[in-house]
Amino acid sequence: MDNKPWDKAKLDEWKKFWESEMGQEALAKMRKIKEQCLADSMGQADPNFVSAYVGRAAGVELVLQDIQAGIDAANRKEEPKE
């Protein structure tokens, strides 16, 4: 996998998917999973289980932030340059 920035067409596709009905449902599902992991962590007595649930929630949050970063990049590409 390369680390080259995506061109405008790829960013537009990314944004279009995540703003679509299916994309919004997927985001809602990810947020629900994250919240469930955090809730599950609160009911644990073993610190290893607490850490595992919090780590999972953090992983999901990382994915959500990456998705938003792609949307933000697409929005910046759309802004007219002065």
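Predicted model: local features only at pLDDT ≥ 70, side-chain atom pairs only at ≥ 80, totals over all residues.
Good morning. I shall take the helix pairs in turn, then the core, and then a few individual residues.

Let me begin with helix 2 and helix 3. Helix 2 covers residues 21-42, and helix 3 covers residues 47-78. Their axes lie 8 Å apart, and the packing angle is about 155°. An angle over 145 degrees counts as roughly antiparallel, and helix 2 is therefore roughly antiparallel to helix 3. The crossing of this pair is left-handed. On the helix 2 side, the contact is formed by L27, M30, R31, I33, K34, C37, L38, D40 and S41. On the helix 3 side, the partners are V50, Y53, V54, R56, A57, V60, E61, V63, L64 and I67. Sorted by class, this contact holds 13 nonpolar residues, one polar residue and five charged residues.

I turn next to helix 1, which spans residues 8-19. How do helix 1 and helix 2 pack, and at what angle? The angle between them is about 70°, and their axes are 4 Å apart. This makes helix 1 roughly perpendicular to helix 2. From helix 1, the contact draws on F17, W18 and E19. From helix 2, it draws on E21, M22, G23, Q24, A26, L27 and M30. Six of the residues in this contact are nonpolar, two are polar and two are charged.

The remaining pair is helix 1 with helix 3. Here the axes come within 9 Å of each other and cross at roughly 125°. Helix 1 and helix 3 are therefore oblique to each other, and their crossing is left-handed. Helix 1 contributes K8, L11, D12, W14, K15, W18 and E19 to the contact. Helix 3 contributes D66, I67, G70, I71, A73, A74, N75, K77 and E78. By class, the contact of helix 1 with helix 3 comprises seven nonpolar, two polar and seven charged residues.

I now come to the core. In soluble globular proteins, nonpolar side chains tend to be buried together. In this model, which residues make up the largest nonpolar core? There are seven of them: W18, L27, M30, V60, L64, I67 and I71. Helix 2 and helix 3 are the elements that supply two or more residues to this core. The largest share, four residues, comes from helix 3. I would draw attention to I67, a member of this core. Setting aside residues up to four places away in sequence, I67 touches W14, W18, L27 and M30. W14 and W18 belong to the helix 1 side of the contact with helix 3, while L27 and M30 belong to the helix 2 side of its contact with helix 3.

Beyond residues up to four places away in sequence, its contacts are V50, Y53 and V54. G55, located in helix 3, is 14 residues from S41 in sequence, with 9.7 Å between the C-alpha atoms. G55 is partly exposed, at 42% relative accessible area.

D40 also lies in helix 2. Its relative accessibility is 26%, so D40 counts as partly exposed. D40 and Y53 stand 13 residues apart in sequence, and their C-alpha atoms are 6.8 Å apart. Both residues take part in the contact of helix 2 with helix 3.

Finally, K8. K8 is placed in helix 1 and, at 39% relative accessibility, counts as partly exposed. Not counting residues up to four places away in sequence, K8 touches K77 and E78. L38 itself lies in helix 2 and is partly exposed, at 29% relative accessibility.

To close, helix 2 is roughly antiparallel to helix 3, helix 1 is roughly perpendicular to helix 2, and helix 1 is oblique to helix 3. Thank you for your attention.

Conventions:
Residues numbered from 1 in each chain as written. Heavy atoms only, no water. Axes fitted to C-alpha atoms, helices over the stretch in contact; angles between N-to-C directions. Parallel < 35°, antiparallel > 145°, perpendicular 65-115°, else oblique. Left-handed = near helix turned anticlockwise from the far one by under 90°. Contact = heavy atoms within 4.5 Å. Nonpolar A, V, L, I, M, F, W, Y, C, P; charged D, E, K, R; others polar. Core = buried A, V, L, I, M, F, W, Y, C linked by side-chain atoms within 4.5 Å. Buried < 20%, exposed > 50% of the residue type's maximum accessible area, 1.4 Å probe, protein only.
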